[in-house]
Amino acid sequence: MPKRLELLSELVPEAKVIALLVNPDNPNTEPMIRDVQEAARTKGVQLPVLRAGTEGEIDAAFASLVQQQAGGLIVSGDQLFTQRREQIVALASRHAVPAIYIVSSFVAGGGLVSYGIDDQAVPRQAGIYAGRILKGERPADLPVQQPTAFELVVNLKTAKALGLTVPPSILARATEVIE
């Protein structure tokens, strides 16, 4: 999440307020908020936290986003937000707020930018482990692995609609650019 704040700050350097959309019902929310707040303090950016656990609360969060004059939005990774992807992307577009997401499906659906683990790498690794177990290896003997492949996806059409110029430094790191 701090990396998403860094990328969004690079994309919208004039933003002094970047909001964070979280689901208060997710058990990982509070530690994640602390991590992003620390990164925001380091960057000198205000970080209002918008809490939404229902479809209606997502609408209300975007209304408060406008009132707080946020120059950007970080959408945390949560199943509710993934299920409500179209609603969130439409609200970000309607309110003309640059937003960064955790999965590329948001960007393919019209969102601005995403940064997260490679969606294809995790199931591939799970398949490799399943194969090793089926060949007789004990699960307890297999090492725990963290994702190592990350993807940065940028939608230039959305950037243009928001009046943003994507810096060459972001384009150079992008694994996919949607035009």
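**Aromatic pairs, strands and a pocket**

Biologist: Quick one to start. Is Phe106 buried or exposed?
Modeller: Phe106 counts as buried, because its relative accessibility is 1%, and the cut-off for buried is under 20%. Bear in mind that this is a predicted model.

Biologist: And Tyr101, buried or exposed?
Modeller: Tyr101 is buried, with a relative accessible area of 1%.

Biologist: How many aromatic pairs does a search of the whole structure find?
Modeller: The search turns up 2 aromatic pairs. In one of them, the ring centres of Tyr101 and Phe106 are 4.5 Å apart and the planes are at 5 degrees, so this pair is stacked.

Biologist: Which residues form the aromatic pair at 5.7 Å centre to centre?
Modeller: Tyr115 and Phe150. They are stacked too, with 10 degrees between the planes.

Biologist: Which strands hold Tyr115 and Phe150?
Modeller: Tyr115 is in strand β5, residues 113-117, and Phe150 is in strand β6, residues 150-155. The two residues are 35 apart, and their pair links distant parts of the chain.

Biologist: What about β6, how many of its residues are buried?
Modeller: 5 of the 6 residues in β6 are buried, which leaves the strand mostly covered.

Biologist: In what sense do β5 and β6 pair, parallel or antiparallel?
Modeller: Antiparallel, over 5 bridges. Phe150 in β6 is the bridge partner of Ile117.

Biologist: And β6 with β7, parallel or antiparallel?
Modeller: Parallel, over 3 bridges, with β7 spanning residues 176-178. There, Asn155 has Ile178 in β7 as its bridge partner.

Biologist: Change of topic. What space lies in the largest pocket?
Modeller: About 220 Å³.

Biologist: Which residues line the largest pocket?
Modeller: The lining is Ala121, Val122, Gln125, Tyr129, Gln145, Gln146, Pro147, Thr148 and Ala149. By class, that gives 5 nonpolar and 4 polar residues, with no charged ones.

Biologist: What sits over the ring of Tyr129?
Modeller: The charged end of Arg132 does, 5.5 Å from the centre of the ring. Tyr129 is one of the residues in the pocket lining.

Biologist: Backbone next. What is phi of Gln69?
Modeller: Phi is near 55 degrees, a positive value in a residue that is not glycine. Most residues other than glycine have a negative phi.

Biologist: Where is Gln69?
Modeller: In the loop between α3 (55-67) and β3 (72-75). Gln69 is exposed, because its relative accessible area is 67% and the cut-off is over 50%.

Biologist: What is phi of Ala96?
Modeller: Ala96 has a positive phi of about 50 degrees, although it is not a glycine. Ala96 is in a loop as well, the one between α5 (85-94) and β4 (99-101).

Biologist: Last topic. Where is Val36, in which helix?
Modeller: Val36 is in helix α2, residues 29-43.

Biologist: Is Val36 buried or exposed?
Modeller: Buried, with a relative accessible area of 0%. The C-alpha atoms of Val36 and Leu5 are separated by 7.3 Å, although the two residues are 31 apart along the chain.

Key
Residues are numbered from 1 along each chain as its sequence is written. This is a predicted model: local features need pLDDT of at least 70, side-chain atom pairs count only at pLDDT 80 or more; totals for chains, interfaces and linings use all residues. Side-chain values use heavy atoms; hydrogens and water are left out. On a 1 Å grid over the protein atoms alone, a cavity is a set of points where a 1.4 Å probe fits but cannot get out, and a pocket is an open set with protein on both sides within 12 Å along at least five of seven lines; lining residues have an atom within 4 Å of a point. Grid points are joined across faces, edges and corners, and a volume is the space filled by probe spheres set on the points. Ala, Val, Leu, Ile, Met, Phe, Trp, Tyr, Cys and Pro count as nonpolar, Asp, Glu, Lys and Arg as charged, and the others, Gly among them, as polar. Rings of Phe, Tyr and Trp (its six-membered ring) pair if their centres lie within 6.5 Å; planes under 30 degrees apart count as stacked, over 60 as edge-to-face and the rest as tilted. Buried means under 20% relative accessible area, exposed over 50%, partly exposed in between (1.4 Å probe, protein chains only). Helices (H or I, at least four residues) and strands (E, at least two) are DSSP runs, numbered from the N terminus. A charge sits over a ring if NZ of Lys or CZ of Arg is within 6 Å of the ring centre and within 35 degrees of the ring normal. Two strands pair if DSSP finds at least two bridges between them.
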